[in-house]
Amino acid sequence: MKSSSIKSIRLVRHAIMALSLSLLFAAAAFASQQSVPVPQVNANLGPCTVDFTVSQGSNQPLYNAEISVKIAYGFMGMKKMDLKVGTNSEGKARFVGLPEKVHNPPLAFVVSAKGLTKTVNYWPSVKCQARYAVVMDGR
């Protein structure tokens, strides 16, 4: 009688262990599916948006790459604004509220990471909603 109760206790322990492990793996899978919020900066000057994805030469997302832009707008470009944002762990960043008309287009977005710098030219009057993939490979 003791051996059957010991066997049933072991069986219950194994069942609990298996259930615990399956819940742990399910939670890890769910956490990996959740997307990371995309950092964004809002200029509040218009309807245009630019999305960036920055990666290294091996196509790995580049965390905390700095993207900056200087905007001259208004009559004769008298008003100026400097915007800057860093990328998330997926290498993504977004600029929203950009004006459709700027003084002396294009807007030059400067992407900097690990001592490298690249410039992306953006014409908001040509393509108001734009996406750019920037590869920081040292070339």
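Me: In this predicted model, is Cys-48 buried or exposed?
Reply: The cut-off for buried is under 20% relative accessible area. Cys-48 comes out at 0% relative accessibility, so Cys-48 counts as buried.

Me: And Cys-128, buried or exposed?
Reply: Cys-128 has 17% relative accessibility. The limit is under 20%, so Cys-128 also goes down as buried.

Me: How many disulfides turn up in a search of the whole structure, and which residues does a disulfide join?
Reply: The search covers the whole structure and finds one disulfide. Its sulfur atoms sit 2.1 Å apart, and a pair has to be within 2.5 Å to qualify. The residues joined are Cys-48 and Cys-128.

Me: How many residues apart are Cys-48 and Cys-128, and where is each one?
Reply: The pair links distant parts of the chain. Cys-48 belongs to strand S2 (residues 48-56), while Cys-128 is in the loop between strand S7 (116-122) and strand S8 (129-136).

Me: What handedness does the disulfide have?
Reply: Look at the torsion about the S-S bond of Cys-48 and Cys-128: it's about -110 degrees. That value makes the disulfide left-handed.

Me: Which residues is Val-120 in contact with, leaving aside neighbours within four places in sequence?
Reply: A contact needs heavy atoms within 4.5 Å. With those sequence neighbours set aside, the partners of Val-120 are Phe-52, Leu-107, Ala-108, Phe-109, Tyr-132 and Val-134.

Technical notes: Residues are numbered from 1 along each chain as its sequence is written. This is a predicted model: local features need pLDDT of at least 70, side-chain atom pairs count only at pLDDT 80 or more; totals for chains, interfaces and linings use all residues. Side-chain values use heavy atoms; hydrogens and water are left out. Helices (H or I, at least four residues) and strands (E, at least two) are DSSP runs, numbered from the N terminus. Buried means under 20% relative accessible area, exposed over 50%, partly exposed in between (1.4 Å probe, protein chains only).
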